[in-house]
Amino acid sequence: MDVSEASAAGSDVLSALRRAIIADDEFFEDVLLGLLSGGHVLIEDVPGTGKTLTARSFATALGLSFSRVQFTPDLLPSDVTGTNVYDEGAGEFEFSEGPVFANVVLADEINRAPPKTQAALLEAMEEEQVTVDGETYELPSPFFLIATQNPVEQEGNFPLPEAQLDRFNVKTSMGYPDLAGEVELLRRRAGRDEQDPSVGRVLDEERVVGVRDAPESVHVEDDLLEYMAAVARATRSDRRVEVGVSPRGTQRLFEAARAAAVLADRTFLTPDDVKRVAQPALAHRLVLTPDARVDDVAKADVLSAVLERVEVPTVQDVEA
């Protein structure tokens with residue numbers, strides 16, 4: 001699938017989501033950026049904003065299988081990955097797949113589960129496989145994880161460690177709709193019998209794979225490679241940052257920026273693509289100093305300051 005076809009497919013998915021869910025276009029694009037960049041998405045927001053509905057609708061629009069895991073303090077790793085069950089008839093153990101064996105998996109309230117269970121997702125996220133009792137099982141392809149966490153309830157929660165946060169290509173939030181959006185939400189509810197809206201199928205598994213491959217053909221000038229590396233390195237020297245963006249984060253910025261170019265129907269990368277994805281791709285990777293946390297410094301503000309300091313290259317239109 002070429003860039004134009006992938007861009008059109010992405011537009012169709014976004015249109016389907018807009019018809020069902022009230023949210024800013026930038027939020028929908030953030031989720032799609034996670035898919036196109038071959039990674040996973042973390043949505044942080046208060047309950048009731050539509051995080052679960054978004055994940056389910058996204059899977060339906062993509063034409064992929066969907067599974068939801070409700071993370072709780074008593075959830076075990078085997079409840080996510082699956083376990084070996086003894087078959088009395090055959091006289092042997094047989095692997096029973098867990099809910100992670102789906103194309104789109106919603107890890108709902110991931111920060112409510114203990115670290116051992118959270119870590120069960122690491123192998124799945126990085127290598128699209130799980131290992132149980134020494135045996136490795138491949139996950140369905142494509143595999144896309146959408147995790148949610150609630151920033152309000154802190155009691156009984158287990159904050160995601162920085163190493164796991166770094167595995168998410170994109171972190172985003174829905175936020176509350178404006179007045180007109182909330183009125184439209186009620187108007188849509190009055191026009192249907194079901195509580196939740198439904199989304200139609202837009203793509204299929206083969207086309208989703210094609211869409212994910214499209215960013216690989218996006219041309220990137222050397223000046224932009226240096227620009228992205230400079231942005232990542234500048235986060236490491238900011239006095240408010242204890243741990244800056246890792247080399248993995250630099251690569252994820254590159255992948256997300258190419259995905260943004262595809263959504264914009266361009267075969268080449270621009271500085272605006274990098275700026276567009278910098279916040280969702282990098283902000284969650286920063287670890288602020290204790291003083292910065294005491295002063296309530298926002299990671300987004302730190303990253304904005306970094307983007308202002310780093311010189312932006314002038315890149316000519318390669319198609320001109």
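This is a predicted model: local features need pLDDT of at least 70, side-chain atom pairs count only at pLDDT 80 or more; totals for chains, interfaces and linings use all residues.

Visitor: What span should helix H11 have, and how far apart are its end C-alpha atoms?

Guide: Residues are numbered from 1 along each chain as its sequence is written, and side-chain values use heavy atoms, with hydrogens and water left out. Helices (DSSP runs of H or I, at least four residues) and strands (E, at least two) are numbered from the N terminus, and the expected span is 1.5 Å times one less than the number of residues. The twelve residues of H11 (271–282) should therefore span 16 Å, which agrees with the distance between the end C-alpha atoms, 15 Å.

Visitor: Which elements do the buried residues of H11 pack against?

Guide: Buried means under 20% relative accessible area with a 1.4 Å probe, protein chains only, and the buried residues of H11 include Val274, Val277, Ala278 and Ala281. An α-helix has 3.6 residues a turn, so residues three or four places apart point the same way. Counting contacts as heavy atoms within 4.5 Å, the partners are helices H2, H9, H10 and H13 and strand S9.

Visitor: Is Gln118 buried or exposed?

Guide: Gln118 is found in helix H5, residues 115–127. Its contacts beyond four places in sequence include Phe158, Pro159 and Gln164. Because its relative accessibility is 0%, Gln118 counts as buried.

Visitor: Which residue has its backbone oxygen 3.4 Å from a polar atom of the Gln118 side chain?

Guide: A polar contact is a pair of N or O atoms within 3.5 Å, one able to donate a hydrogen and the other to accept it; residues adjacent in sequence count only if both atoms are side-chain atoms. At 3.4 Å from the side chain of Gln118, the backbone oxygen belongs to Ile110.

Visitor: Which element gives the largest share of the lining of the largest pocket?

Guide: A pocket is an open set of points on a 1 Å grid where a 1.4 Å probe fits, with protein on both sides within 12 Å along at least five of seven lines; lining residues have an atom within 4 Å of a point. The largest pocket is lined by 25 residues, with Gly48, Thr49, Gly50, Leu53 and Leu185 nearest its centre. Helices H3 and H7 each give two or more residues to that lining. The largest share, four residues, comes from H7.

Conventions: Buried means under 20% relative accessible area, exposed over 50%, partly exposed in between (1.4 Å probe, protein chains only).
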